[in-house]
Amino acid sequence: MKITEKEVRYVADLANLSLTEEEIRRYCTDLDEILAYVEKLTEVDTSHVEPMAQVLYEAGVGSTLRSDQVRSSFSSEKALSNAPLSGAGHYKVPKVVER
Amino acid sequence: MEDVRTLTIDRVHQGLRARQFSAGELAREALRIAEKENGKFSSYLHFCPERALEAASRVDAQIAKSEKLGELAGVPVAVKDVISTRSVRTTCGSRLLENYIPPYDATAVIRLESEGAVILGKTNCDEFAMGSSTENSAFCPVRNPVAPDRVPGGSSGGSAAAVAAGQAVVALGSDTGGSIRQPASFCGVVGVLPTYGRVSRYGLVAFASSLDHIGPLARTVKDAATVVGDRIRRGPDVFRRLGCEIREVSLPHTDYAIACYYIIATAEASSNLARYDGVRYTFRTRRDPTLLDMYRNTRGEGFGAEVKRRIILGTYVLSAGYYDAYYLKAQKVRALVARDFTEAFRSVDAILTPVSPFPAFKLGEKMSDPLEMYLSDIYTITGSLAGICGISVPCGRTSAGLPIGMQILAKHFDEHRMLRLAHAFETAGGFEV
């Protein structure tokens, strides 16, 4: 086994994702299969390879980045337009501080 | 009015210039056909007729004043529903964003409309573009217009089906691991993966930012080329005269590409999708008064099965103790996959491969085994990891009549050569199968 149900619960917790018991069992089985498959990467010798942190290494900086200009942004009214709950120019969330 | 199902961009231009139809008439007819056909294929999730007719009236005003027309003047276009459209719902095929109305347009949408394009509506897709069959749409699956008991491919299945069914002349899709090229091959249309960074991602709802691309689907290579701003003037005689030489090349790390991709893509997705927490984006759970439970239940209720699977996997490979073994290792293997292409392109101008190991499969056939679905991306994923450009061109049919696509891959920013090759192939009649 590459992964246990306990680990799936832990990772779901990190991801702020509630899962049902049935989902936990299912993802444990699925991930076990997927993680066993990706194990094949250990066959590759990468001891002298830099991680590919940028996609276009060889294209040069100027060819991929737009000029860094100040542009107009949204009004707070627009930014809040898709909020499920808002008021007085703010997002509203459940109370987090006890009195 | 002639059948809008078979129009090309050139034909639209001719018709408008010769005053055979107005942009408004074309838009109304295109909307009528698109809506009528949608009952059969579910290519579109919703239409935006007001926006379409406004765009068409701008084109008609230009014609009335004899002004110069844009490259896409009056052309009916479909846009995948992961690309933001101001004041027009953008759901990403997700319940979580069912009512999301972006306050801005994606750059690609602005560019299309500034060339006179008429956006008819937004196309169906796998939820957050995660899938290879469009069966992960939270709303309904898309049916392949060529064989309605089969999937159109994915995740841009709605865009490919819309173009194949004549519900749009061209469409925008997005491609992270093959999501434009594979549905294009399944539906018998052309699909282009532009070089990473060539088309702005601003306004594309992020799945895996280092792999995401916007690109076109069309019925001809020439139309697809027009959408990415490339003009094809020369015909196939040029290539016949030059005579292409066929060489075998080796891409030795291909066998590791899928493992590499599903680590990097899910890691990026787990980070990108953290923003859907019930605070900013329309959907919030009705249960639980505490903040943390509000986050968790909103996400648990709002996301579909495949999205959750990828968030779990992506969070796992980034978590303490596993980061080096999975994520960092995959980033190193990605460099080797990219290096394979750099080496290969020293001796050839383009690389030809299949797009998919099999043609369009039946709805439901591969939904039970996620790994098997992932493995079907083998031919498209290497190019995605390297950030190079690619295209799927129809190259024949199976004995059962299902379309087959051929992939042409070319160097970074070498779209022009790739598109001319594809056009030459298409004009020469493709393969006789």
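Guide: Start where B:G173 stands opposite B:G215 in β6(B). This is a predicted model: local features need pLDDT of at least 70, side-chain atom pairs count only at pLDDT 80 or more, and totals for chains, interfaces and linings use all residues. Residues are numbered from 1 along each chain as its sequence is written, while chains are lettered from A and ligands numbered from 1 in the order in which they are written.

B:G173 is part of β4(B). That strand covers residues 170-175 of chain B. Strands here are DSSP runs of E with at least two residues, helices are runs of H or I with at least four, and both are numbered from the N terminus. β4(B) pairs with strand β6 (residues 213-218) of chain B. The pairing is antiparallel, over six bridges. Two strands pair if DSSP finds at least two bridges between them.

β4(B) has another partner: strand β2 (residues 76-80) of chain B. These two run parallel, joined by three bridges. B:V79 has B:L172 as its bridge partner in β4(B).

How many of the six residues in β4(B) are buried? Six of six, so the strand is mostly covered. Buried means 20 or more other C-beta atoms within 10 Å of a residue's own; exposed means 12 or fewer, and partly exposed lies in between, with C-beta atoms placed from the backbone. One side of β4(B) carries B:V170, B:L172 and B:S174. The other carries B:A171, B:G173 and B:D175. Both faces are covered.

Now the core. The largest nonpolar core has 146 residues. Such a core is a set of buried Ala, Val, Leu, Ile, Met, Phe, Trp, Tyr and Cys residues joined through C-beta atoms within 7 Å. B:V77, B:V118, B:C260 and B:I263 have the most contacts inside it. Helix α9 (residues 257-272) of chain B gives the largest share, 11 residues.

B:V118 touches, among others, B:A23, B:A52, B:G74 and B:V77, leaving aside neighbours within four places in sequence. Contact means that C-beta atoms, placed from the backbone, lie within 7 Å.

Finally, α9(B) packs on helix α11 (residues 305-318) of chain B. The angle is about 100 degrees, and the axes are 7 Å apart. Axes are lines fitted to C-alpha atoms, for helices over the stretch in contact, with angles from 0 to 180 degrees between N-to-C directions. The two helices are therefore roughly perpendicular, the term for 65 to 115 degrees. In α9(B), B:I263 and B:T266 are among the residues that meet α11(B).

Key
Two residues are in contact if their C-beta atoms, placed from the backbone, lie within 7 Å. Angles under 35 degrees count as roughly parallel, over 145 as roughly antiparallel, 65 to 115 as roughly perpendicular and the rest as oblique.
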